[in-house]
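Here is a request for an explanation of how the terms attached to a structural model follow from its computed values. Each term is to be set against its cut-off.

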Amino acid sequence: MNDNRFKFSTSVFAWPLYFVLALWVVYWIEIRVPIDLSHYGVYPRTLKGLRGIIFSPFLHGGLEHLYNNSIALLVLVAALRYFYRKHALQVMGYGILLSGTITWIIARDAYHIGASGLIYVLVSFMFFKGIQTGYYRLVALSLTIIMLYGGMIWYVFPDVEKGISWEGHLAGLITGLIFSRWYDAPDYQKPITYDWQKPDFNPEDDPFMKRFDENGNFVNPPKPAPEEVDLQEPTSATMPRITVVYTYTKNDDVEEEQDTNDEL
């Protein structure tokens, strides 16, 4: 995989800052006016309570509740935007809607408020998705998230702590798991470089794998047979033809001597 697909931009900081700022603005309005907006939270199985699916993540029951959620959102939203840029907006937007809907269906009769459901969506999605991809950077992200927020798993069970919406936490966990299977991540699939990475690779047909015996020991290939040397006489095809021309000349001295002997 090409690591350049993890692109840093100002949105990695801007998204979590703007979202957390919106939470604090709403809380400041509640104190400043003053006004209690808790009745805009999710109230299960009532038509009026459906509005809480959208509004509940922006409402908090106290400063400690808001502070704890803000720190987690700053980290998780930034990580989501950086590592899962393609699906970041869908995971956050649809995560609020689906987790809120599940809370509306399964929760006990009370107003459920807070961004904890979204936090569980992000934790669940990035943990399960990183493990599914098998890519070492995303697996490392999954392990980091489970190290930082692994203790949150206990708060999806009832009666662990009074005053918390364990139903909203459970809904967020389920939503993140569903999204990790729903949204594919083709950008994080390793490209096939070698033949042994192909699904139809057969070790028995591979020339290199044939060099190993049944015990896994490498066996040297046999020495190649010596090449036969062609000792045939060169032919006109391999050697150029040379034409020799002989020229005979007559010797005058020999003729004169022969004539003298004849006169004697």
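Predicted model: local features only at pLDDT ≥ 70, side-chain atom pairs only at ≥ 80, totals over all residues.

Q: Why is the pair of Tyr-82 and Phe-83 called edge-to-face?
A: Rings of Phe, Tyr and Trp (its six-membered ring) pair if their centres lie within 6.5 Å, and planes under 30 degrees apart count as stacked, over 60 as edge-to-face and the rest as tilted. The structure holds 10 aromatic pairs. In the pair of Tyr-82 and Phe-83 the centres are 4.8 Å apart and the planes stand at 90°, so the pair is edge-to-face.

Q: Why is Phe-83 called buried, and what is Tyr-82 called?
A: Buried means under 20% relative accessible area, exposed over 50% and partly exposed in between (1.4 Å probe, protein chains only). Phe-83 has a relative accessible area of 17% and is therefore buried, whereas Tyr-82, with 25%, is partly exposed.

Q: What makes Tyr-84 and Phe-125 an aromatic pair, and which parts does the pair tie together?
A: The ring centres of Tyr-84 and Phe-125 are 5.3 Å apart with 70° between the planes, and the pair is edge-to-face. Tyr-84 lies in the loop between α3 (63-83) and α4 (88-106) and Phe-125 in helix α5 (residues 116-133), so the pair ties together parts 41 residues apart in sequence. Helices (H or I, at least four residues) are DSSP runs, numbered from the N terminus. Tyr-84 is buried, with a relative accessible area of 2%, and Phe-125 is buried at 0%.

Q: How do you know that the charged end of Arg-51 sits over the ring of Tyr-40?
A: A charge sits over a ring if NZ of Lys or CZ of Arg is within 6 Å of the ring centre and within 35 degrees of the ring normal. The charged end of Arg-51 is 4.3 Å from the centre of the Tyr-40 ring and sits over it; Arg-81 likewise lies over the face of Trp-15, at 4.3 Å from the ring centre.

Q: Which residues touch the most other members of the largest nonpolar core?
A: A nonpolar core is a set of buried Ala, Val, Leu, Ile, Met, Phe, Trp, Tyr and Cys residues joined through side-chain atoms within 4.5 Å. The largest has 36 residues, and those touching the most other members include Leu-73, Tyr-84 and Met-126. The elements giving two or more residues to this core are α1 (11-32), α3, α4, α5 and α6 (136-149).

Q: Where is a cis peptide bond found?
A: A cis peptide bond joins Val-33 and Pro-34, with omega about -15°, and Pro-34 is in the loop between α1 and α2 (52-55). Most peptide bonds are trans.

Q: Why is Asp-159 called exposed?
A: Asp-159 has 76% relative accessibility and therefore counts as exposed. Asp-159 also has a positive phi of about 65° although it is not a glycine.

How values were computed
Residues numbered from 1 in each chain as written. Heavy atoms only, no water.
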